[in-house]
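Visitor: Could you take me through this model? I would like to begin with the overall fold and then go into details.

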Amino acid sequence: IALGNTAEAALGNYHVKVWIRDDYPFKNAKNAFRFMFVTLLMCTVGAGVGTLSLFLNNAFLTENLLRTGFSWWVGNVVGILLFTPIILAAAKKFVLKVTSEKMMEVGIFLFNLIGIYFLLQVEYLRPTLVHALPFLALPLLLWLAFRFELIVAITGVLGVSLISIFITIKGGGPFDLANSYNSMLLLQIFIGVISISTIILS
């Protein structure tokens with residue numbers, strides 16, 4: 001497993017240097033897409049080696065081989081797409097410009113969040129809105145991506161991700177399915193989609 005993770009990181013680093021040729025691959029949409037493809041490729045190596053090593057040590061049955069490998073791969077991809085932009089953006093020097101226009105947009109953003117919260121308190125709207133929350137969150141995150149620096153937008157994604165994970169663990173929200181494996185997979189796919197969408201548009 002350790003060898004697989006090391007090979008994954010080495011492969012990713014190699015492709016970033018050779019293909020993207022920039023230590024900060026989020027300056028434009030072209031490099032952001034390349035970063036996504038590098039992530040998909042490198043995680044195939046890590047998940048493949050890790051899954052195979054567990055299988056050879058009889059950690060699970062043959063019928064669970066594909067399921068385990070796919071879950072591992074999705075988890076690795078989502079982790080990289082979510083945390084790498086935060087780390088690189090935080091390490092990059094940036095100047096936070098606070099203007100009256102930006103403050104007004106932040107106020108409108110918070111007003112929308114409060115509005116969604118109060119709508120969820122309406123009994124006859126709650127069942128529908130609970131399942132619509134991912135669709136309601138997406139335009140707000142895209143707004144952050146268009147109007148603010150990547151560090152702000154991806155922090156919003158992290159916040160939405162943590163809230164989604166917490167609600168799902170508590171047995172609620174749109175990602176709570178009858179099967180825990182399907183719940184985890186659906187939640188990870190959602191986090192991956194909002195992460196890469198925000199990265200590309202920032």
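Guide: A word on terms to begin with: helices (H or I, at least four residues) and strands (E, at least two) are DSSP runs, numbered from the N terminus. On that basis the protein chain has 7 helices and 0 strands. This is a predicted model, in which local features need pLDDT of at least 70 and side-chain atom pairs count only at pLDDT 80 or more, while totals for chains, interfaces and linings use all residues. Residues are numbered from 1 along each chain as its sequence is written, and side-chain values use heavy atoms, with hydrogens and water left out.

Visitor: In what order do the elements run from the N terminus on?

Guide: The order in the protein chain is α-α-α-α-α-α-α. Its C-alpha trace spans about 55 × 45 × 20 Å along the principal axes.

Visitor: What percentage of the residues in the protein chain is buried?

Guide: Of the 202 residues, 36% are buried. Buried means under 20% relative accessible area, exposed means over 50%, and partly exposed lies in between (1.4 Å probe, protein chains only).

Visitor: And what share of the contacts comes from residues 24 or more positions apart?

Guide: Such pairs account for 70% of the contacts with a separation of 6 or more. Contact means heavy atoms within 4.5 Å.

Visitor: Let us turn to helix packing. How do H5 and H7 cross?

Guide: Two packed helices are described by the angle between their axes and the distance between the axes. Helix H5 (residues 126-147) and helix H7 (residues 180-201) have axes that come within 8 Å and cross at roughly 25°. Axes are lines fitted to C-alpha atoms, for helices over the stretch in contact, and angles run from 0 to 180 degrees between N-to-C directions. H5 and H7 are therefore roughly parallel to each other. Angles under 35 degrees count as roughly parallel, over 145 as roughly antiparallel, 65 to 115 as roughly perpendicular and the rest as oblique.

Visitor: Is the crossing of H5 and H7 left-handed or right-handed, and which residues make the contact?

Guide: The crossing of H5 and H7 is right-handed. A crossing is left-handed if the near helix is turned anticlockwise from the far one by less than a right angle, and right-handed if clockwise. H5 contributes Pro134, Leu138, Leu141, Leu142, Ala145 and Phe146, and H7 contributes Phe190, Ile194, Ser197, Thr198 and Leu201. By class, the contact of H5 with H7 has 9 nonpolar, 2 polar and no charged residues. Here Ala, Val, Leu, Ile, Met, Phe, Trp, Tyr, Cys and Pro count as nonpolar, Asp, Glu, Lys and Arg as charged, and the others, Gly among them, as polar.

Visitor: What does the side chain of Thr198 reach?

Guide: The side chain of Thr198 reaches the backbone oxygen of Ile194 at 2.7 Å. A polar contact is a pair of N or O atoms within 3.5 Å; within protein, one must be able to donate a hydrogen and the other to accept it, and residues adjacent in sequence count only if both atoms are side-chain atoms.

Visitor: How do H2 and H7 cross?

Guide: The axes of H2 and H7 come within 8 Å and cross at roughly 150°. H2 and H7 are therefore roughly antiparallel to each other. Ala29, Ala32, Phe33 and Met36 in H2 meet Ile196, Ile199 and Ile200 in H7. That contact divides into 7 nonpolar, no polar and no charged residues.

Visitor: And H3 with H7, at what angle do they pack?

Guide: H3 and H7 pack at about 35°, with their axes 9 Å apart, and their crossing is left-handed. Among the residues that meet are Arg67, Phe70 and Ser71 in H3 and Tyr181, Met184 and Leu185 in H7. The contact of H3 with H7 has 12 nonpolar, 5 polar and 1 charged residues.

Visitor: What about Asn58, where is that?

Guide: Asn58 is in the loop between H2 and H3. Its phi is near 60°, a positive value in a residue other than glycine, and Asn58 is exposed, with a relative accessible area of 67%.
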